[in-house]
Amino acid sequence: MTDHNQIPEFDPQGPQLVYVAMADHIAARIAAGELAAGARLPAERDLAKEYGVAYLTVRRAAGVLRERGLILTVHGKGTFVADPLPEGYQV
């Protein structure tokens with residue numbers, strides 16, 4: 001079940017670096033259950049269009065999410081929400 005009230009609005013004009021703000025927003029979507037454990041994320045170019053950012057910004061955000069243990073990328077298959085999620089990201 002998704003709780004959209006827990007997901008803050010994405011604000012690329014805020015004080016954070018855009019890729020960090022995007023990573024935080026995607027992390028919030030994962031924590032709220034909008035992006036479930038094991039779910040495939042949209043392609044990087046599709047996320048860039050959805051968020052209105054450059055393709056390389058998405059790549060940097062994905063790097064942050066990988067470091068946090070929230071996503072994993074399988075070459076030739078795509079990027080997926082980690083399953084199981086790290087402690088503290090239980091939905």
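Biologist: What should I know about the model before we start?

Modeller: It is predicted: local features need pLDDT of at least 70, side-chain atom pairs count only at pLDDT 80 or more, and totals for chains, interfaces and linings use all residues. Residues are numbered from 1 along each chain as its sequence is written, and side-chain values use heavy atoms, with hydrogens and water left out.

Biologist: Is helix 1 mostly covered or mostly open?

Modeller: Mostly covered. Of its 14 residues, 10 are buried. Buried means under 20% relative accessible area, with exposed over 50% and partly exposed in between (1.4 Å probe, protein chains only). Helices here are DSSP runs (H or I, at least four residues), as are strands (E, at least two), numbered from the N terminus.

Biologist: Which residues are buried?

Modeller: Among them are Tyr19, Met22, His25, Ile26 and Arg29.

Biologist: And what covers them?

Modeller: The cover includes helix 2 (44-51), helix 3, strand 1 (71-74) and strand 2 (78-81).

Biologist: How do helix 1 and helix 3 cross?

Modeller: The axes of helix 1 (residues 18-31) and helix 3 (residues 55-67) come within 8 Å and cross at roughly 55°. That makes the pair oblique. Axes are lines fitted to C-alpha atoms, for helices over the stretch in contact, and angles run from 0 to 180 degrees between N-to-C directions. Under 35 degrees counts as roughly parallel, over 145 as roughly antiparallel, 65 to 115 as roughly perpendicular, and the rest as oblique.

Biologist: Which residues meet there?

Modeller: From helix 1, Val18, Tyr19, Met22, Ala23, Ile26 and Ala27 meet Thr57, Val58, Arg60, Ala61, Val64 and Leu65 of helix 3. Contact means heavy atoms within 4.5 Å. The residues of this contact divide into 10 nonpolar, one polar and one charged. Ala, Val, Leu, Ile, Met, Phe, Trp, Tyr, Cys and Pro count as nonpolar, Asp, Glu, Lys and Arg as charged, and the others, Gly among them, as polar.

Biologist: Switching to helix 2. What is its angle to helix 1?

Modeller: About 100°, with the axes 13 Å apart. The two helices are therefore roughly perpendicular to each other. Met22, His25, Ile26 and Arg29 in helix 1 meet Leu47, Glu50 and Tyr51 in helix 2. That contact has four nonpolar residues, one polar and two charged.

Biologist: Is Arg29 buried or exposed?

Modeller: Buried, because its relative accessible area is 11%.

Biologist: What does Arg29 touch?

Modeller: Ile7, Glu34, Leu35, Glu50 and Tyr51, not counting residues up to four places away in sequence.
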